[in-house]
Amino acid sequence: MRKAILICVLAAAPAAAAEAPYFIDISSPAGLAGYGAQNVLFSDLDGDGYPDVILGNTWAGRSNALLLNRPAPGGGRVFADFTSTSGIDAPAPSSGTRTADFFAVGDADNDGCPDLFSGKYSEFEKPRTDPKTGAILKGPDGRTLYEKADDGQRSELLLNDCRARFRTVAASGVGTHAETTTSAEFLDYDNDGTLDLFTGNWYKEYGVSYISYPSRLYRGLGDGRFGEVTEKAGLLTLPTEGKPDSSRPVYGVYHCDYDGDGDEDLLVPSYGRQANRLWRNNGDGTFADAAPATGFDGDEIRHGRYPAALKREPEPEWRSHGNTFAAACADYDNDGDMDVFLGDITHYWAGEASDLSVLLENQGPRKGYAFKRRPELIKRVHTAKAWNQGDMRAAWLDFDNDGLLDLLISSGDYPDGQYLRLFRQVRPGAFEDVTDQAGFDWESSAGVAVADYDRDGRLDVLAGKSWMRMPADRRTGKQPAPALFHNQAGGGNHWLEITLKGKGAGGANASAIGARVRLTAGGRTQTREVLAAGSAGTQAGPFTLHFGLGKAARAEKLEIRWGGRGGRTVYYDVPADRFAYAEESSGELRLEPAAKPR
């Protein structure tokens, strides 16, 4: 056990006025004006300690922007465009002009610098159909006609030179398949100290059948190359419909250690009203679907019936679940195990068999880590008869530093009251919708990312916007632009942020993805897990863990369970209001103060 190493003292920041909103949009002074963004991502790409930004724009074409977090003249922070220099859209030698559909972040070669998985959505096997009959069209030679020709572009792995300049890895092994890849996460599934990659795929021929591509697992080789192990790991699903081993369409993939055994598990929410999958890591390189046994697959209403007025035939049982996008994993109730919020799209006309968004509360070891559905905790109110609910992204954060996690839900794609919403945990297990007090007023929200971008000890929110189904008279500007919501919540609560660095092979991976930290302060113990910065449709943020400490001026105990083959490190009496950096190899804990308030 090691004592914390004290560096310097932080002067307390002044509290915001009581009547002020919790957040204010500073996207324009922060340098984000003029950009479009649906998908957003925070990550410290150049190693200066400040989170940088990647913006993914899908409106009227596709474009990406990489902006570095820099000091602003006169104080504060501003984002500077580094896109052309970064090479994030530089093509592989054979693929010509290229723009990634999304990115996922992780240190693939263990050099201490975050790399990028550059994902491509390839829909080249969808046949053309007759618009009146739905029949598949064929050419004069009798061959099937397809909607899109294969453009040769594939997913890539981009290595960072530690200055936010990226190069494509030749023969990386991640671009073998031309599939409808929507999402990806880095994790160390086999605990060898090297990051692996899991990718999520969607329908093969949307609108023609329910056939989907399998989601795939790639084992990291440690140098930016990967080898596919989907079948070996027991994850290869089949091109069939409605069977237990059928492939299912997904918009986002997630990981966390839901059963606390030290192995990262895979959370795979499913679209198309199909059952979610929870791939439990067996610890021997293989996985088994624990969703039915734990209640992760969906709720108990599976009759598939629509409201009588629709006069529509019921769905089969396998199509009586949810259109689940988000699976945000965190220990919301501070009992030491991981809970999950599932975010779903549903509609008034879909009937009760269509699953709603819900908080799944982990019941712990006594009940086999099964989940209890707690719909009463996050209350959604629909006053209109014809309502939609587009909860496609979600993120946990302690925005007010009181030691209780709050929930951010990003709703969009329907023009009937879909907003970025904040649910504050006002006391253990009790949430209150504080969207009005938050000051967002952010309609048709898209991707969200959470980080303390200016290092003032308070978590900020980066939000994309969607114009999907949004009438022209409800749009502002030339394109759906992002918002950067700066946190100005008062209250005088303390905090501690910790960034971990694993030693690589033989220990935790350099990003420490999968490591778990338990912090005790003021008589409360909180548990956080280092999760990968996500991808399209998922929460995306840096690898830093943020703890609110309430009125406690120090953490009595800080315990790290390193991932991989690493052990545990314990620190005592760590002062609050610091940025802490822990290295597995040396055991050192380095502390830095917050930035001076603007």
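Predicted model: local features only at pLDDT ≥ 70, side-chain atom pairs only at ≥ 80, totals over all residues.
From the surface we can turn to the interior, where 60% of the 598 residues of the protein chain count as buried. How does the radius of gyration of the protein chain agree with that of a compact globule? For 598 residues a compact globule would come out near 25 Å, and the protein chain has 23 Å, which agrees.

As for secondary structure, the protein chain has three helices and 37 strands.

Now to the cysteines. For those of you who are new to this, a disulfide is a covalent bond between the sulfur atoms of two cysteines. How many disulfides does a search of the whole structure find? The search finds two, and, if we count the bonded cysteines along the chain, their pattern is 1-2, 3-4.

One of them is formed by C113 and C162, whose sulfur atoms are 1.7 Å apart. This pair links distant parts of the chain, since C113 sits in the loop between β7 (102–106) and β8 (115–119), while C162 sits in the loop between β9 (156–160) and β10 (166–168), 49 residues apart. The link of C113 and C162 is right-handed, with 95 degrees about the S-S bond. Are its two ends buried or exposed? C113 counts as buried because its relative accessibility is 9%, which is under the 20% cut-off, whereas C162, with a relative accessible area of 29%, is partly exposed.

The other disulfide joins C256 and C329, with their sulfur atoms 2.1 Å apart. Here too the pair links distant parts of the chain, with C256 in strand β15 (residues 254–256) and C329 in strand β19 (residues 323–330), 73 residues apart. The torsion about the S-S bond of C256 and C329 is about 70 degrees, so this disulfide is right-handed. Both C256 and C329 are buried.

Methods. Residues numbered from 1 in each chain as written. Heavy atoms only, no water. Helix = DSSP H or I, 4+ residues; strand = E, 2+ residues; numbered from the N terminus. Rg over C-alpha atoms; globule rule 2.2 N^0.38 Å. Buried < 20%, exposed > 50% of the residue type's maximum accessible area, 1.4 Å probe, protein only. Disulfide = S-S within 2.5 Å.
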